[in-house]
Structures are given as structure tokens and as C-alpha cells.
Amino acid sequence: QVQVVESGGGLVQPGGSLRLSCAASGSIFSIYAMGWYRRAPGKKRELVAYITSGGNTNYADSVKGRFTISRDNANNTVNTVYLQMNSLKPEDTAVYYCNALATATNYWGQGTQVTVSS
């Protein structure tokens with residue numbers, strides 16, 4: 001089992017920045033990728049970015065050049081993934097979910113709200 005907990009959401013003005021954090025604990029040896037998804041009101045959940053255990057990254061076209069995903073696996077009991085979000089736009093408003101992709105199973109966090117508004 002893997003437990004996933006996000007933090008760092010909030011309200012920010014357009015053009016501002018936020019950093020989301022995600023901590024995965026438990027059977028972290030089984031995780032081979034972690035990522036961020038988001039669901040905006042009235043829209044389907046979409047992939048924002050992910051990072052593999054080997055450090056490879058991938059981004060949605062809508063966030064390339066503005067968002068950066070990174071990880072910290074120095075702790076043997078917790079895998080931490082960050083999403084640095086810069087130049088935020090109103091269309092980035094959504095609930096952001098962290099995902100841990102493990103052998104045969106996806107684990108999800110509870111979500112954190114990001115609102116970009118003046």
C-alpha cells in the first residue's frame with residue numbers, strides 16, 4: 001500500500017507562482033512514476049506532468065515552460081514530488097491530484113485546490 005498526501009494549493013493572482021508538494025509513503029519501492037493531474041470545473045481530469053523513477057519527465061503542452069516537476073527520493077521512507085507552477089493563468093484553476101504509479105496499482109491523493117484569480 002502507498003499513501004499519497006498533497007499540500008501547497010491556494011489562491012494566487014494571474015502571473016503568480018505556487019509550489020505543490022506530494023509525499024508518498026508506505027510501499028514506495030513499488031513506485032515507478034509519480035505525477036500531477038488536475039480537474040477543472042466541468043472538465044475531465046487531465047495529466048499535468050509526471051516524473052519517472054529514472055528522472056524522465058513529461059508535461060502537458062498547456063504547462064510546458066511554466067511548470068516544473070521534480071522529486072526528492074533521498075528519504076528511504078518517503079518519496080516527495082514537487083510541482084513548481086509559474087506564470088499562472090486563470091485556466092490553471094483546478095483541483096490538483098498527485099498520483100503514484102506502482103506495480104499494477106495507481107494511488108491518488110485527496111487533491112488540493114489551486115485558484116488563479118485577481
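Thr 93 is buried in this predicted model, because its relative accessibility of 18% falls under the 20% limit. The residue sits in the loop between β8 (78–85) and β9 (94–102). Two backbone atoms lie 2.9 Å from a polar atom of the Thr 93 side chain: the oxygen of Pro 90 and the nitrogen of Val 116. Apart from residues up to four places away in sequence, Thr 93 touches Ala 40 and Pro 41, together with Gln 113, Val 114, Thr 115 and Val 116.

One of these partners, Gln 113, belongs to strand β11. In contrast to the buried Thr 93, Gln 113 is partly exposed, with a relative accessible area of 40%. The side chain of Gln 113 has a polar atom 3.4 Å from the backbone oxygen of Ala 94, and a polar contact of 3.3 Å joins this side chain to that of Thr 115. With residues up to four places away in sequence left out, Gln 113 touches Gly 9 and Gly 10 as well as Thr 93, Ala 94 and Val 95. The C-alpha atoms of Gln 113 and Met 34 are 19 Å apart, and the two residues are separated by 79 residues in sequence.

Ala 33 is located in strand β4. At 11% relative accessibility, Ala 33 counts as buried. Its contacts, neighbours within four places in sequence excluded, are with Ile 51, Thr 52 and Ser 53 and with Asn 99, Ala 100 and Leu 101. Pro 90 is 57 residues from Ala 33 along the chain, and the C-alpha atoms of the two are separated by 28 Å.

Strand β4 (residues 31–39) also holds Tyr 37, a member of the 1 aromatic pair in the structure. The ring centres of Tyr 37 and Trp 108 are 5.0 Å apart and the ring planes stand at 65°, so the arrangement is edge-to-face. The pair links distant parts of the chain, as Trp 108 lies in strand β10 (residues 105–108), 71 residues from Tyr 37. Both residues are partly exposed, with relative accessibilities of 23% for Tyr 37 and 32% for Trp 108. Arg 45 lies over the face of each ring. The distance from Arg 45 to the ring centre is 5.9 Å for Tyr 37 and 4.0 Å for Trp 108.

The structure also contains 1 disulfide. It joins Cys 22 to Cys 98, with an S to S distance of 2.0 Å. The torsion about the S-S bond is about -80°, so the disulfide is left-handed. Cys 22 is in strand β3 (residues 18–26) and Cys 98 is in strand β9, so the pair ties together parts of the chain that lie 76 residues apart in sequence. Cys 22 and Cys 98 are both buried.

With regard to confidence, the protein chain has an average pLDDT of 94, and 100% of the residues score at least 70. Among the elements of the chain, the lowest mean pLDDT, 93, belongs to β10, the strand of Trp 108. The highest mean, 98, belongs to strand β11 (residues 112–116), where Gln 113 is found.

Methods. Residues are numbered from 1 along each chain as its sequence is written. This is a predicted model: local features need pLDDT of at least 70, side-chain atom pairs count only at pLDDT 80 or more; totals for chains, interfaces and linings use all residues. Side-chain values use heavy atoms; hydrogens and water are left out. Helices (H or I, at least four residues) and strands (E, at least two) are DSSP runs, numbered from the N terminus. Buried means under 20% relative accessible area, exposed over 50%, partly exposed in between (1.4 Å probe, protein chains only). A polar contact is a pair of N or O atoms within 3.5 Å; within protein, one must be able to donate a hydrogen and the other to accept it, and residues adjacent in sequence count only if both atoms are side-chain atoms. Contact means heavy atoms within 4.5 Å. Rings of Phe, Tyr and Trp (its six-membered ring) pair if their centres lie within 6.5 Å; planes under 30 degrees apart count as stacked, over 60 as edge-to-face and the rest as tilted. A charge sits over a ring if NZ of Lys or CZ of Arg is within 6 Å of the ring centre and within 35 degrees of the ring normal. pLDDT is the predictor's confidence in each residue, from 0 to 100. A disulfide is a pair of cysteine sulfur atoms within 2.5 Å.
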